[in-house]
Every structure is written in C-alpha cells, then in structure tokens.
Amino acid sequence: MEIIGEDAAYRLAGSGTRKFVAGGVQVLMRSDGTAVLITEAPERLEHHRQAHEVVLPWQPAAFDEDTRLLLKCFDGLRCRVLLWLPGGLADLGWGRGSLRSNHPLPGRAAIITLDGPVDWEELDLHRSLLVPVAEPAPIGWLAHAQTDRRRALREFAAGWFPRRLRPTWRPDLQAAPQIAVPSTLADFYRQAHHHPDLLGRRFHGGFLYPPAELEVDQSGRIRLGWAGDHGPGWRLAPGGDDPQVLAVQHEEIRDDRDGWLSGIHQRVPWREREPLSGFLLQFALYAAAAYGPHRGVASRLSRRQALAMVDGWQRVPLQPLLAEWEPVTFAAAPGRIACLYPGPPEHSAPDLDDCWVSVAATHPDLLNPLDIDWQTFTG
C-alpha cells in the first residue's frame, strides 16, 4: 500500500480541479468528471465480501450544499480514494460510488466499491486505535471511577488512545458546539479533540456526534449519538452539569396484511443507569474494547464461561450500559479491557448460551497468551 504526500494527491487531481469539503471529506473534482476523495477514517465493514467497500463518514444531519451537490452525481462516480494519516495519504486506488438506502443508520450511505480489496489489517496498524507500546496501560483510573469520573476518563484516555493530528480541512472536533452543553460534555470534547477515537466509529457500532453536529430534538433534548446499527439513539435530558442520558429505541411498524413498512414509532425512552459523567466513561471503555486492532471476541458462551474469562480482573464499578436493551458491563486488567454482554445476573440465567466477551489489549503480547477459543481474533 503506497503512502503519498498531499502535494502528490493534488497532482493526481490535475489542473482545473474544483476543491471543496463535503461532510468531512475533501473532494477534488477533476475536469474529466472523475474525483479524488481524501477521507480521514473510512470504516471497515466486517463481512469478507465487503473488503472492497469504503463507507464515507457523511451524516445526513450535517449535509451542506457542497455535499448535496456531490451526492447528485455520486451514483456511478469514478473516484480515487486516499486515506488521511498523520504521516501521509494511503492510496486505496480507484473505485465507483453508490448510494444505498438499506444502510442501518438513517438516510443513505455513500459507499465506494474499489477495484481491488483493501488490506484492512495493514491500515489498522497505520491508524491503530490503541497505543502501540509493550508496557501495559495502568489501571489507576479505576480508583476514580466512582468519585471523580472526569479524572478517570482523562487518565484512561491518556493510557489507551493516542494523541492524533487532525487534517486542517476537518474542523468538526475543533468547532465549538452550536448549542449550550453541560460542562461534563464540554470537558469530554476537549479530550476528544486530542483523542478523536473516543467518539467511536460512525458506521460500525456505537458513536457520539462531534460537537459541531449536536442538535436539539423537538422535546428539547440534545441528540448525543447512536448505540449501534439497530440500537437506540442517545439523548441528553436538560438539567445541570451531569444530567441523565436517555436511550430512545425506534421500531418499524408494518402492515400485517402485506408486510410493507407503514411508519416509524418511537418507544418511550428509558434512562441510562449512570448520569452523563459515568456514561461517557462507559462509552470510552466500549470504544476501546470494541475497536482495538489487538482484539478478540468470544461468543455463544454461558454466563459462567464469560465470567471465567475475566477471572482475577477488576470489575469497573459502574451500572450496566444499555441496561434495558442489551446490558453491558466492563472489566479491566493492566493493558486490557473487556466488554461483557449480558451484564448483571438478573438479566441472564447462569447457563445462558448467547453471552459474548470482547477483549482488547494495548499490545498483542498481552492478548495472544490468553487460552480462549476466539471467534474473531486480531491479536
């Protein structure tokens, strides 16, 4: 995989190029009707048949006029995709654009099908979510998980997430929120400015909106993020510096006679068991456990097997995340984080056979010795 400089990218685009930013992607429209797209973080799709596909990090709520104009010609657009890295641009090659309406997030996903497959393992090494150091990340932050959660989050982020440079054309984490936010959330965004992986991954599991994309819904609640492909959306209830977080689940209503979708119904939201400060710490743990390059996932476990995997680890003293939907709890050891589903005992029988555990490590040497029958393993 070739790494080139930004100057080389502009030479690829040639003369007479129109340059603009659309939804967080730098677009170089060439005079021959093709384009060079520079994106900071195209998301990998898990299925092996999708190794050729790149999902651009666009969100309907943030569509500006340039994005709308590009989307009008995006179906069938011939384009070259470059991935922005602090050390240069990774050339993913040529592909063709398409818009798909069956994407799990609202709206249509902008997807580029490349001529050749992406070597995602090599890319993950370049843009590693975890700090590539042999020394285990300390777990001193656990001592503050109940008494000073902002401090716990700062210390955890410093040990697990690298400080990343941002391209000058991607200002969304530098821009101030357009609405008033609690001080707890403002402090989280200051951390995310240096550690953008704290926000999760938009098209692959849970994510939180960057500050420039925060909105207030009709009920006066801040739209905070999404819990996953088909999971609830998170909303922030107004009130104080450490307010409650609500999870709002949407469901499709279908006509029983012919099965056609007839509408979208919003269920009554439920409260996360932790206020915002605890929720943000939980989300940082979730992002580390779910998206680390040195990671293993074991599924279809009994609860006893799941707990045995983290025997001797320290349990994170927080109430389960998404307790009313798919309860998740966390455990930590030096250099390792585990995400366990289901969470507390009242949600599962001891012999339940559909538990799973996701474990991430700051270095593969911390993950490889674990004697576990992994379903997915990238140690």
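Me: What makes R300 count as exposed?

Reply: This is a predicted model, and the values discussed here are computed from it. R300 has a relative accessibility of 59%. Exposed means over 50%, so R300 counts as exposed. The residue lies in strand 17, residues 295-301.

Me: Why is L322 called buried?

Reply: The relative accessibility of L322 is 6%. Buried means under 20%, and L322 therefore counts as buried. L322 is placed in the loop between strand 18 (314-315) and strand 19 (329-333). Although L322 is not a glycine, it has a positive phi of about 55 degrees.

Me: What makes Q282 buried?

Reply: Its relative accessible area is 1%, and the limit for buried is under 20%, so Q282 is buried. Q282 belongs to helix 6, residues 276-291. Leaving aside neighbours within four places in sequence, Q282 is in contact with E274, L318, Q319, P320, L321 and F330.

Me: Why are helix 4 and helix 5 called roughly parallel?

Reply: Helix 4 (residues 149-160) and helix 5 (residues 183-194) pack at an angle of about 10 degrees, with their axes 11 Å apart. Angles under 35 degrees count as roughly parallel, and the two helices are therefore described in that way. Helix 4 contributes R150, L153 and R154 to the contact, while helix 5 contributes S183, T184, D187, F188 and Q191. These residues divide into two nonpolar, three polar and three charged.

Me: Which residues have the most contacts inside the largest nonpolar core?

Reply: They are W141, F156, L185, F188, L208, W234 and F279, in a core of 52 residues. Helix 6 gives the most to this core, with 13 residues. A second, separate core has 21 residues, among them V25, M29, V81 and A110.

Me: Which residues is L208 in contact with, leaving aside its neighbours within four places in sequence?

Reply: L208 is in contact with F188, L199, L224, G225, W234, F279, L280 and F283.

Me: How many helices and strands does the protein have, and what share of its residues count as buried?

Reply: The secondary structure comes to eight helices and 22 strands. Of the 379 residues, 55% count as buried. The protein exposes about 17200 Å², of which carbon and sulfur atoms supply 49%.

Terms used: Residues are numbered from 1 along each chain as its sequence is written. This is a predicted model: local features need pLDDT of at least 70, side-chain atom pairs count only at pLDDT 80 or more; totals for chains, interfaces and linings use all residues. Side-chain values use heavy atoms; hydrogens and water are left out. Axes are lines fitted to C-alpha atoms, for helices over the stretch in contact, and angles run from 0 to 180 degrees between N-to-C directions. Helices (H or I, at least four residues) and strands (E, at least two) are DSSP runs, numbered from the N terminus. Angles under 35 degrees count as roughly parallel, over 145 as roughly antiparallel, 65 to 115 as roughly perpendicular and the rest as oblique. Contact means heavy atoms within 4.5 Å. Ala, Val, Leu, Ile, Met, Phe, Trp, Tyr, Cys and Pro count as nonpolar, Asp, Glu, Lys and Arg as charged, and the others, Gly among them, as polar. Buried means under 20% relative accessible area, exposed over 50%, partly exposed in between (1.4 Å probe, protein chains only). A nonpolar core is a set of buried Ala, Val, Leu, Ile, Met, Phe, Trp, Tyr and Cys residues joined through side-chain atoms within 4.5 Å. Accessible areas come from the Shrake-Rupley method with a 1.4 Å probe; for residues, only the protein chains shown count as cover.
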